[in-house]
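Take a look at the chain below. The paragraphs after it go from the overall fold to single residues and their contacts.

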Amino acid sequence: MSRTRGRRGACDALFTPRPFAPLHDIARQTQGALLAAVNSGANRDAIFTAALDELERGARALVVFEDMHWADEATLDLLKYLGRRIHRTRVMLAITYRDDEVGPRHPLRFVIGDLPRASTRRMALSPLSEPAVAQLARQAGRPSKGLHGITGGNPLFVTEVLAAAADTVPVTVRDAVLARAVRLSPAAREIAELVCVIPGKTEVWLPEQAARPDEAGIEGCLSIGMVRDEDGALAFRHELARRALEDSLSQARVQSLHARVLSILAQRHGIPPARLAHHADGARNAQDVLRFAPVAASQAASVGAHREAASHYQVALQYAQSLSPDERARLQEQLSYECYLTGQHERAIEARRCALAIWRAMGARMKEGDTLRWLSRLSWYLGRRAEANQYAVEAVTALELLPPGPELAMAYSNRADLDLESHEADSTIDWAQRAITLAQACAHDEILGHALNTLGTMRLIGGDTSGWADLERSLQLALAGGFQEEVARAYTSLTAMAVSRRQYDQASRHVNAGLAYCEENDLDFLRLYLLAYRARMRFEQGDWQGASEDAEAVLRHPRTTPITRIPTLRTLGHVRIRRGDPDASAPLEEARSLAGPIRELQRIGTLAAICAEAAWLAGDREGVLREVQPAYELARPQRDPRMKGELAGWLWRVGALGQQPADIAEPYALEISGDWRGAARTWKALGCPYEHACMLAWYGAEPEQREALAILDQLGAAPAARMLRKQMRTQGVRGVPRGSQISTRSNPYGLTRREAQVLALLSEGLRNSAIAKRLFLSTKTVEHHVSAILTKLGVPSRAKAVAMARKQPDKTA
């Protein structure tokens with residue numbers, strides 16, 4: 001039987017995590033191409049390829065990534081990359097993490113959730129039971145009373161408390177650690193204090209140079225819970241113990257230890273800048289922080305660890321008083337960009353404003369103009385349209401006084417983007433064409449593609465199909481230039497326009513290609529926007545379950561920005577309205593709140609139509625008018641056939657539409673002109689079953705109404721079906737089918753889809769508040785669901801319901 005290789009690497013609890021920390025450990029064990037890749041500062045793709053090549057080397061192996069709750073973004077991306085390709089290898093990749101340090105929005109949870117189910121196995125380590133804790137206490141000769149309650153069965157807490165030299169149980173683990181450390185000899189204490197300021201492993205040569213330890217001192221450290229590897233490296237068995245000891249030291253002592261470690265590390269070749277920056281910061285050594293932190297930030301950004309890059313830049317700026325003004329401004333710009341990429345828009349704006357003040361004081365007009373353009377874009381992301389417009393105007397004004405260049409081209413493209421949001425077709429096209437002309441003169445393909453994207457989108461919104469060529473050219477330029485963000489943006493616009501025009505086959509091709517591209521290049525923050533549009537596409541095609549799953553996946557993701565949340569929340573709310581789910585208003589209210597007071601058609605038009613539908617289903621005709629009229633006034637002068645038609649349709653249905661608009665999408669025009677049969681045929685041909693059913697239900701006779709009722713029941717559109725049944729009975733129709741929700745009919749206990757979801761989460765041990773957060777419901781709504789579950793299952797308590805779910809999972813799912 002062949003021997004299985006073993007490789008182990010760990011993440012460290014640095015102030016700013018080191019990119020690819022476990023891979024560095026493993027590379028030192030394997031040597032060869034992987035070590036060369038991580039030591040050479042290669043780009044992320046080269047490192048990923050080298051890591052996969054190492055795993056594919058044929059022999060069976062166990063590779064362990066430990067303490068992934070401390071992983072940086074680059075390491076999380078590496079895990080996702082390897083996990084999706086692990087089936088090519090003969091390797092078991094084991095990932096360890098502390099679940100109590102991985103909250104519901106921790107990035108690691110979403111990476112694990114994206115791993116292929118067929119290749120992934122989870123092993124949960126449960127807390128120690130009360131009998132187990134009592135047995136450990138007996139073995140240690142200690143009383144067990146109250147021990148399980150104090151520790152919660154956490155093995156670390158239990159072992160540390162039992163090992164403490166005290167007659168009573170210490171209140172905290174920190175007390176336990178310090179109680180053990182007090183027994184150390186001066187020599188052992190010196191080693192322990194040195195090691196406690198070094199997250200992760202301390203190489204054998206470091207304490208040898210810093211503390212000259214003897215074996216007795218090391219043995220003393222091992223007696224308090226430290227461990228020594230085969231290569232002599234020292235570490236604390238538990239990070240909590242290391243932190244407890246470090247926190248007990250005076251600030252002066254901590255600085256002194258960091259300074260000693262830094263002086264040794266700085267003399268050695270190949271020490272990562274992130275590690276050097278960590279100790280320079282701990283030593284409060286401004287010169288070395290400014291020497292190492294920006295380099296560490298640049299390296300982190302190059303491999304996609306943008307949060308870590310932002311953290312390094314923030315550390316550097318704390319010590320930037322001695323730098324020249326232009327150096328400080330550039331640091332602020334770099335921090336702003338990393339914050340922008342990670343959705344920290346307030347911090348990004350703050351940094352750009354600092355940079356702007358410096359550039360203005362220096363009289364650097366080109367930099368001032370470009371910074372104003374950035375402030376415009378960032379302000380728009382935060383919903384501050386007035387500020388965005390003001391910054392955009394100032395940017396163009398400042399840059400037009402200077403020789404034209406890429407900065408002015410991008411400022412023009414930014415103006416086009418802003419006008420696109422309010423569907424101002426003429427000005428959007430004008431600014432985009434200015435940007436295109438200048439970008440071509442500068443031979444700047446990235447800006448050219450950006451402007452073509454905006455131009456094509458605006459043309460298609462207005463019904464001009466030449467926009468498809470603009471978007472396709474934008475995509476090809478981005479692909480040829482390797483502009484990954486612009487590639488994803490092009491796929492997003494192609495998808496969005498195909499969905500908007502209800503060309504679902506085309507939308508499906510683009511969204512699938514875009515998602516594959518984003519997954520291949522680990523562009524998660526852009527992948528979410530594509531998922532939001534796929535949710536909308538599925539919703540309009542009648543796949544409400546798929547739409548809901550996509551929407552909830554987007555909303556659970558920690559990197560979701562307001563710009564992505566708004567359309568996703570609208571779709572989720574729309575699904576709930578049509579299914580008659582409780583708490584449908586919650587996502588719509590959040591979307592309205594995120595949109596703020598901005599009166600942009602793109603932000604308020606769709607929301608108005610959704611809320612109008614909710615009012616219609618509730619029989620509130622005045623509510624329809626109240627929601628739609630303000631949005632229609634914005635849409636009426638614009639060239640937007642779909643939006644204008646959708647809003648005009650609602651006004652028509654409540655008898656409040658004056659003159660029929662000429663330039664609206666076909667099904668709305670047919671309905672308003674009185675050709676409801678033509679409208680029904682068009683909706684059916686487009687692949688929109690709900691709208692098809694509505695035409696039959698609202699305007700047809702009994703045969704059409706029965707056909708509509710069958711469609712609505714199949715979709716699970718309970719409110720519309722209920723309204724139609726009432727209408728049919730009022731008209732004297734006999735034998736109206738009763739019907740029920742699909743999810744209820746398919747569940748033996750009559751649980752709805754949502755009730756089955758709630759029961760599954762109850763089985764995971766979640767409280768009502770946690771379930772509400774997970775499912776984007778109110779706590780009171782969850783309470784109603786729980787009450788309904790108990791009634792339908794015929795059990796008196798949550799515990800009994802959970803027991804039944806575990807005993808008969810097929811019947812309660």
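Predicted model: local features only at pLDDT ≥ 70, side-chain atom pairs only at ≥ 80, totals over all residues.

Residues are numbered from 1 along each chain as its sequence is written, and side-chain values use heavy atoms, with hydrogens and water left out.

Start with the whole chain. Its secondary structure comes to 45 helices and five strands. Here helices (H or I, at least four residues) and strands (E, at least two) are DSSP runs, numbered from the N terminus. The radius of gyration is 31 Å, close to the 28 Å that the globule rule gives for 813 residues, so the chain is as compact as a globular protein of that length. That radius is taken over C-alpha atoms, and the globule rule is 2.2 Å times the number of residues to the power 0.38. Along the principal axes, the C-alpha atoms fill a box of roughly 95 × 80 × 50 Å.

How much of the chain is buried? Of the 813 residues, 56% count as buried. Buried means under 20% relative accessible area, exposed means over 50%, and partly exposed lies in between (1.4 Å probe, protein chains only). The areas come from the Shrake-Rupley method with a 1.4 Å probe, and for residues only the protein chains shown count as cover.

Now turn to charge pairs. Side chains of opposite charge can pair when their charged atoms come close. The structure holds 52 salt bridges. A salt bridge is a side-chain nitrogen of Lys or Arg within 4 Å of a carboxyl oxygen of Asp or Glu.

R373 bridges to D370, with the closest N and O atoms 3.2 Å apart. Both residues lie in helix α20 (residues 365-381), three residues apart, about one turn of the helix. R373 is buried, and D370 is too.

Other bridges join separate helices. E671 pairs with R653, and their closest N and O atoms are 2.8 Å apart. This pair links distant parts of the chain: E671 is in helix α35 (residues 666-672) and R653 in helix α34 (residues 641-653), 18 residues apart. E671 and R653 are both buried.

E704 forms a salt bridge with R677, at 3.5 Å between the closest N and O atoms. This pair also links distant parts of the chain: E704 belongs to helix α38 (residues 702-715) and R677 to helix α36 (residues 676-686), 27 residues apart. E704 is buried because its relative accessible area is 17%. R677 counts as partly exposed because its relative accessibility is 46%.

Bridges can also join up. R189, E190, E193, R253 and R260 are linked in a network of salt bridges.

Which residues gather in a patch of positive charge on the surface? They are R109, R122, R556 and R774. Patches are made of residues with over 30% relative accessible area and no salt bridge; like charges are joined within 9 Å, and nonpolar side chains (Val, Leu, Ile, Met, Phe, Trp, Tyr) within 5 Å. Lys and Arg count as positive and Asp and Glu as negative, while His and the chain ends are not counted. The place of a charge is taken as NZ of Lys, CZ of Arg, CG of Asp or CD of Glu. R109 is found in helix α5 (residues 107-114). Its relative accessible area is 35%, so R109 is partly exposed.

Next, the backbone. Most residues other than glycine have a negative phi, and most peptide bonds are trans. F20 is not a glycine, yet has a positive phi of about 60°. F20 lies in the loop between β1 (5-10) and α1 (21-30). At 3% relative accessibility, F20 counts as buried. R212, also not a glycine, has a positive phi of about 45°. R212 is in the loop between α11 (205-210) and α12 (215-222). With a relative accessible area of 71%, R212 is exposed.

Finally, compare sequence with space. G41 lies in the loop between α2 (32-39) and α3 (44-55). G41 is exposed, at 55% relative accessibility. G41 and P272 are 231 residues apart in sequence, and their C-alpha atoms are 9.9 Å apart in space. V758 lies in helix α41 (residues 753-763). V758 is buried, at 0% relative accessible area. From V758 to A351 it is 407 residues in sequence and 43 Å in space, C-alpha to C-alpha.
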